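Dear colleague,

Please find below the structure that I am handing over to you, together with its sequence. My findings follow directly after it.

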Amino acid sequence: RGRPALYGNVVDITPRRRAEATIRGLLNATRDEAVLTDNDGRILTVNNAFASGAGKPAAELANTILYDLIRTGGISMRTADEMQKKSPEPISFEEQIGERWLDTTIYSINDAEGNREQVGIFRHDITRLKNAEREVLAANEQLVVEKERLSLFAAALDNMRDCAVITKSM
């Protein structure tokens with residue numbers, strides 16, 4: 001009696017660390033950018049692809065405010081605006097940030113009562129597709145111009161009564 005006692009509790013955190021490593025591995029297994037924030041926009045975690053797109057190491061982005069990346073081009077104003085909507089359905093859109101085109105999807109992550117507590121943002125780089133689309137549109141415009149020229153040429157030929165074809169052999 002009267003002697004101090006020391007009680008201890010040992011918790012094996014190995015399963016938790018394995019689960020975190022598995023999640024980190026899954027996040028970094030894709031080239032798509034992924035970021036998870038709390039409701040206030042504080043970054044909880046990012047994958048390497050997002051960190052690379054934002055121009056900073058992933059560890060440096062943790063616990064920073066996502067909206068601070070607007071001025072550096074890490075995210076767009078549109079992404080910031082769409083995050084504020086708290087939509088129960090995913091919000092998807094295409095956007096251009098600098099030279100890059102991104103297909104962005106924003107997900108609300110809800111608690112058991114259905115209240116949004118986190119936001120997941122996934123971005124897929126579609127720059128190559130947009131560049132190819134631009135090339136196809138330019139080629140199509142050129143075809144329209146050529147078609148109009150050929151139509152004018154055909155109409156001119158139809159209107160000619162006497163037509164002489166001159167070749168090198170003549």
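Helices in this message are DSSP runs of H or I with at least four residues, strands are DSSP runs of E with at least two, and both are numbered from the N terminus. Please note that the model is predicted.

With that numbering, asparagine 63 lies in the loop between helix H3 (58-61) and H4. Although asparagine 63 is not a glycine, its phi is positive, at about 70°. Its relative accessible area is 53%, so asparagine 63 counts as exposed. A second residue of this kind is lysine 86, a non-glycine residue with a positive phi near 55°. Lysine 86 is placed in the loop between H4 and S3. As background, most residues other than glycine have a negative phi.

The largest nonpolar core comprises 17 residues, and Phe50, Leu61, Leu66 and Leu69 have the most contacts inside it. Two or more residues of this core come from each of strand S2 (43-46), helix H2 (48-54), helix H4 (77-83), strand S3 (91-97) and strand S5 (116-125). H2 supplies the largest share, with 3 residues. Beyond its neighbours within four places in sequence, leucine 69 is in contact with Ile43, Phe50, Ala54, Leu61, Gly74 and Ile75.

Strand S1 (residues 33-38) runs antiparallel to S5, and 6 bridges join the two. In this pairing, valine 35 stands opposite isoleucine 121 of S5. S4 and S5 are likewise antiparallel, with 9 bridges between them. Threonine 105 has phenylalanine 122 in S5 as its bridge partner. S4 and S5 form a hairpin in which 5 residues separate the strands, and glycine 114 in the turn has a positive phi of about 90°.

Finally, the surface. Which residues form a nonpolar patch there? The patch consists of Tyr107, Ile109 and Phe122, whose accessible area together is about 250 Å². Tyrosine 107 belongs to strand S4 (residues 100-110). With a relative accessibility of 35%, tyrosine 107 is partly exposed.

With kind regards

How values were computed: Residues are numbered from 1 along each chain as its sequence is written. This is a predicted model: local features need pLDDT of at least 70, side-chain atom pairs count only at pLDDT 80 or more; totals for chains, interfaces and linings use all residues. Side-chain values use heavy atoms; hydrogens and water are left out. Patches are made of residues with over 30% relative accessible area and no salt bridge: like charges are joined within 9 Å, nonpolar side chains (Val, Leu, Ile, Met, Phe, Trp, Tyr) within 5 Å. Accessible areas come from the Shrake-Rupley method with a 1.4 Å probe; for residues, only the protein chains shown count as cover. A salt bridge is a side-chain nitrogen of Lys or Arg within 4 Å of a carboxyl oxygen of Asp or Glu. Buried means under 20% relative accessible area, exposed over 50%, partly exposed in between (1.4 Å probe, protein chains only). A nonpolar core is a set of buried Ala, Val, Leu, Ile, Met, Phe, Trp, Tyr and Cys residues joined through side-chain atoms within 4.5 Å. Contact means heavy atoms within 4.5 Å. Two strands pair if DSSP finds at least two bridges between them.
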